[in-house]
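The following exercises are intended for a reader who meets this structure here. Each one sets a task and then works through a solution step by step.

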Amino acid sequence: RGVWSGQPLQLNATLGLDNLKELDTRLEAKLGASQLELKGVVDLPRQGYDGLVKMLLQEPRVLVQLLTGQDHLPMTLKTLQVVGNVQHSQAATKLENLELSLDDLKASGWLAQTRESATKRASKMQMRFERLDLERWLAVLPTPGQTAAASAPSAPAGWSEAYIDFTPWTQHQLDIDIAASELMWKGKTVRQANLRLKNEGGILTLEGLNMNVGDGFVRLTGRADVGNPIRGQLDFKLQNVPSAFVLSERLSRLIEAPLQAEGQFLFTGNTEAELVASLGGAATVGAQQGRLRGINLADMNRAMQGLFFGQTAGGESAIEVLSSTWTFENGIASNADLLLRSGPVTVRGKGKIDLAQRALHYRIWPESAIPGTKLNLPVSIVGPWQAPKVVPDVLTPRGAVQALDKALDGKISKAVERIFDKKAAQAEPAQPIAPSVPFNIKDTSNLRQNIKNFFEGKPPVPEAPTPAPAPEPQVVPVPSQAPVVPRQETLLPP
């Protein structure tokens, strides 16, 4: 009995020596509220141990810091409890019948590791978790081989330029089988998650990551050569996965639907920015049901006002069909066949998303069969994806012709083509066509407000009167005068 580091210490041990080779050991130790119990045999020649281990640690921060190599932990660890059978020697360690409890984390399974040298080893693990908050516990683990590149340029649009070195994996064989009955990630819950991961000779193989999400599932497989640079591929399939699990928080507020997706990604690089900029592959994304929140496509005029002028349109729209096909090349996602059907309204789209620069350049146009709809106007979505701008696409020849022609029953197609397209003007004889446009599309200073007024049935903004030309300055003729004779003075003698 005694005191260690200010904590009361109690130690009970029984040792039995057999032929100077083995110690029959029974050890019970208590330090404050923490406890350790060993019951087994110590093999002196092999410097090993075979027996039972029971450990209960209160406030185990120091131990976890030693195991993870971190000086500061981003969480408070209160209780660690480990029970299992241990077989340990210089060449191998195996922990069987393991029961692990770390705060709210509970797991069972076995671990094994063999060591050929100080740098070459093989590890196997099979663990079953009851409930795993993945984001919380990944914050405890050190990021492997990630170092800041001192001379690297700043990462484009926020992607990290920190160098990721996976070369130690070429010396480490790995066989992992992890399952969780409940998995938490960024506030989202996954049921029955299972991960099978192997690494041999620097080839990392994802045999399967399977997750049940809502009424759907996610399947991921792939492989990567963890050399320098990393090269790999990832195959994925999503079936009836809730959109909130996949989409960003902003998009999740707009789209609520069970999504289907399938495709393959190819990547290479040693930094996050390089991996994103190298992304290639193809994918299909769609849904057969769901809803759009905050927008009522049946009220097309109000819906378009909401897009153009940042107004809250309100209401919602049912998603009957949502489909799209994407290709990826050098970090740019391209699409030309977006289709969304909601009742009598069809929305089509095409464009690109620059993943490396986190920027959008996309165009959508609605087609409505609703009687009384005034204008089916194309829309461009451009700018950074954190804050994209939605603008009416009427400044191109095709956009102007389609929008205004549909709005006015085709009465101004030729007139608009003459304004925007010189070829059309040359191909057709000039005719005095008076377009019945309710506002002057050449009046760019009032174009935005006139479009809004047109939606609302209001008269257009009066054009500013053209200022009259300034009068030319008049030159006033100077009347002719007799020549001026210098005055002569008579000088009197003094």
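A residue is called buried under 20% relative accessible area, exposed over 50%, and partly exposed in between (1.4 Å probe, protein chains only). By this rule Arg196 is partly exposed, with a relative accessible area of 24%. The model is predicted: local features need pLDDT of at least 70, side-chain atom pairs count only at pLDDT 80 or more, and totals for chains, interfaces and linings use all residues. Residues are numbered from 1 along each chain as its sequence is written, and side-chain values use heavy atoms, with hydrogens and water left out.

**Exercise 1. Determine which residues form salt bridges with Asp177.**

Step 1. Side chains of opposite charge can pair when their charged atoms come close. A salt bridge is counted when a side-chain nitrogen of Lys or Arg is within 4 Å of a carboxyl oxygen of Asp or Glu. The structure holds 14 salt bridges.

Step 2. Arg128 is one partner of Asp177, with 3.4 Å between the closest N and O atoms. Asp177 belongs to strand S13 (residues 172-185) and Arg128 to strand S9 (residues 121-129), so this pair ties together parts that are 49 residues apart in sequence. Helices (H or I, at least four residues) and strands (E, at least two) are DSSP runs, numbered from the N terminus.

Step 3. Arg196 also forms a salt bridge with Asp177, the closest N and O atoms being 4.0 Å apart. Because Arg196 lies in strand S14 (residues 188-200) and Asp177 in strand S13, the pair ties together parts that are 19 residues apart in sequence.

Step 4. Asp177 counts as buried at 11% relative accessibility, whereas Arg128 is partly exposed at 32%.

**Exercise 2. Locate Ser252 and describe its contacts.**

Step 1. Ser252 is found in helix H4 (residues 249-254). Its relative accessibility is 12%, so Ser252 counts as buried.

Step 2. Contact means heavy atoms within 4.5 Å. Leaving aside residues up to four places away in sequence, Ser252 touches Ser243, Ala244, Leu247 and Arg293.

Step 3. Arg293, one of these residues, meets Glu256 in a salt bridge between side chains (3.2 Å, N to O). This pair links distant parts of the chain, with Arg293 in strand S21 (residues 291-293) and Glu256 in strand S18 (residues 255-256), 37 residues apart. Arg293 is partly exposed at 32%, and Glu256 is partly exposed at 33%.

**Exercise 3. State how strand S3 pairs with S2 and with S4.**

Step 1. Two strands pair if DSSP finds at least two bridges between them. Ten bridges join strand S2 (residues 7-18) to strand S3 (residues 22-31), and these strands run antiparallel. Thr14 stands opposite Arg26 in S3.

Step 2. S3 is also joined by ten bridges to strand S4 (residues 34-43), again in an antiparallel arrangement. Val41 in S4 is the bridge partner of Asp24.

Step 3. S3 and S4 form a hairpin with two residues between them, and Gly32 in the turn has a positive phi of about 60°.

**Exercise 4. Is Gln260 buried or exposed, and which side chain joins it in a polar contact?**

Step 1. Gln260 is placed in strand S19 (residues 258-269) and is buried, with a relative accessible area of 19%.

Step 2. The side chains of Gln260 and Asn240 are joined by a polar contact of 2.5 Å. A polar contact is a pair of N or O atoms within 3.5 Å; within protein, one must be able to donate a hydrogen and the other to accept it, and residues adjacent in sequence count only if both atoms are side-chain atoms.
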